[in-house]
Amino acid sequence: VLGSEQKDYANGVRYGTVTEVLSFVNLLSSMQTAALPNLPEEMGVLLNKKDMAVKKGRYQINMDVLLFPWKLTYKNHGSGLVPKGSFGKVHLAQDTTTRKRMACKLIPMENFKAADVEFQARFHHENIAELYGVLLWNQSIHLFMEAGEGGSVLEKLDSCGPMREFEIIWVTKQVLRGLEYLHSHNVIHHDIKPSNIVLMSDKAVLVDFGLTVQMTDDVYIPRDLRGTEMYMSPELVLCRGHSTKTDIYSLGTTIIHMQTGSPPWVRRYPRTAYPSYLYIIHKQAPPLEDIAEDCSPVMRSFLERALERNPALRSSASELLKDDAINPPREDQ
Ligand SMILES: Nc1nnc(-c2c[nH]c3ncc(-c4c[nH]c5ccccc45)cc23)o1
């Protein structure tokens with residue numbers, strides 16, 4: 001039976017505010033899948049009135065919006081689909097009335113967490129993939145978001161090899177702006193890595209906020225290990241409390257991946273011989289040996305500051321945004 005608050009979703013899909021999206025999402029997280037059959041075909045709250053055309057409380061998948069498997073940007077890629085984010089396959093979506101192209105991440109009801117949406121709904125910045133709306137259909141949550149049609153940095157690296165320094169600077173600046181914004185709200189992304197940075201014609205944006213948390217004070221005591229091993233900071237691995245500085249370390253390892261084509265450690269410690277890198281990250285000094293030989297001196301000192309073992313001494317996003325490495329003197333000056 002629909003509870004009282006569930007009633008106002010009985011009329012399907014509607015436009016709403018961020019607050020309404022968050023209460024819808026909390027309703028979904030608490031809803032048992034058993035309640036589903038007697039719900040309307042699709043239910044949802046959309047933020048983006050401009051690009052998503054709701055018709056009489058309906059927004060039907062494969063009618064009002066078409067979903068396509070994301071043709072990976074570079075042809076010679078393995079699978080046809082965008083690799084799974086944390087709990088979700090990402091499709092390309094197109095509204096049939098407005099023609100707007102979006103990303104649509106499908107998350108099965110049982111895997112859905114409010115955090116998947118909460119941070120993208122609450123925090124807005126040009127370098128964070130915008131949330132356009134949340135829809136429940138066919139026992140799956142559909143998250144409609146800003147699409148990075150250039151694919152992810154990982155896809156670009158796998159297909160085109162190491163990036164040149166000016167490309168790395170362009171991506172790093174955008175990621176730092178997004179991190180500076182999140183960190184100013186005490187929000188830790190927790191999974192900064194090449195596959196969570198997607199490219200558009202004029203910018204790069206951060207995606208996948210499934211592991212994101214907001215610190216209550218200036219340290220976060222984790223209950224579980226969050227992130228992807230290769231990009232984890234020593235203090236995060238230690239599990240004795242960490243801060244937003246952990247994202248800066250992950251950006252440092254991401255830059256190493258962009259300039260060499262491989263994450264840190266793997267060339268010196270092959271994955272075949274090392275099932276886990278946590279001990280290496282804990283014991284070894286930061287992976288400065290994995291910095292590309294042809295890395296410029298300014299970028300090398302940037303990386304030394306981003307990969308500083310002691311988070312208190314590690315530079316912040318705001319400090320790194322002023323660094324010479326990403327503000328190269330213009331040739332003509
Ligand atoms: N996990 C996740 N959560 N939200 C997104 C997302 C929002 N907007 C997007 N735009 C593009 C891509 C994406 C395209 N090719 C790719 C190849 C690899 C990885 C991602 C892409 C992913 C997204 O992704």
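Colleague: What span should the 13 residues of helix H2 (residues 18-30) have at 1.5 Å a residue, and how far apart are its end C-alpha atoms?

Modeller: In this predicted model, helix H2 covers residues 18-30, and at 1.5 Å a residue its 13 residues should span 18 Å. The computed separation agrees with that expectation, as the end C-alpha atoms of H2 are apart by 18 Å.

Colleague: Which residues of H2 are buried?

Modeller: A residue counts as buried when its relative accessible area is under 20%. In H2 that description applies to Val21, Leu22, Phe24, Val25, Leu27 and Leu28.

Colleague: How many of the residues of H7 are buried?

Modeller: Helix H7 comprises residues 245-260, and its end C-alpha atoms are 23 Å apart, in agreement with the 22 Å that its 16 residues should span at 1.5 Å a residue. The helix is largely enclosed by the rest of the structure, because the number of its residues that are buried is 16 of the 16.

Colleague: Is Ile192 buried or exposed?

Modeller: Ile192 is placed in the loop between strand S8 (187-188) and strand S9 (197-199). Leaving aside residues up to four places away in sequence, Ile192 touches Leu179, Leu206, Tyr231, Asp247, Ser250, Leu251 and Thr254. Its relative accessible area is 1%, and since buried means under 20%, Ile192 is buried.

Colleague: How far apart in space are Ile192 and Met43?

Modeller: In sequence, Ile192 and Met43 are separated by 149 residues. From C-alpha to C-alpha, their distance in space is 32 Å.

Colleague: Which residues lie nearest the centre of the second largest pocket?

Modeller: The second largest pocket has a volume of about 180 Å³. Its lining divides into 7 nonpolar, 3 polar and 6 charged residues. Of the 16 residues that line this pocket, those nearest its centre are Thr260, Arg267, Asp290, Ile291 and Glu293.

Colleague: What percentage of the contacts between residues at least 6 apart in sequence join residues at least 24 apart?

Modeller: The secondary structure of the chain comprises 10 helices and 11 strands, and 54% of its 333 residues count as buried. Among contacts between residues at least 6 apart in sequence, the share that joins residues at least 24 apart is 68%.

Colleague: What percentage of the accessible surface of the chain belongs to carbon and sulfur atoms?

Modeller: The chain has an accessible surface of about 15,400 Å². The part that belongs to carbon and sulfur atoms is 53%.

Terms used: Residues numbered from 1 in each chain as written. Predicted model: local features only at pLDDT ≥ 70, side-chain atom pairs only at ≥ 80, totals over all residues. Heavy atoms only, no water. 1 Å grid on protein atoms, 1.4 Å probe; cavity = no way out; pocket = protein on both sides within 12 Å on 5 of 7 lines; lining within 4 Å. Points joined across faces, edges and corners; volume = space filled by probe spheres on them. Nonpolar A, V, L, I, M, F, W, Y, C, P; charged D, E, K, R; others polar. Helix = DSSP H or I, 4+ residues; strand = E, 2+ residues; numbered from the N terminus. Buried < 20%, exposed > 50% of the residue type's maximum accessible area, 1.4 Å probe, protein only. Contact = heavy atoms within 4.5 Å. Areas by Shrake-Rupley, 256 points an atom, 1.4 Å probe, with all protein chains shown as cover. Expected span 1.5 Å × (residues − 1).
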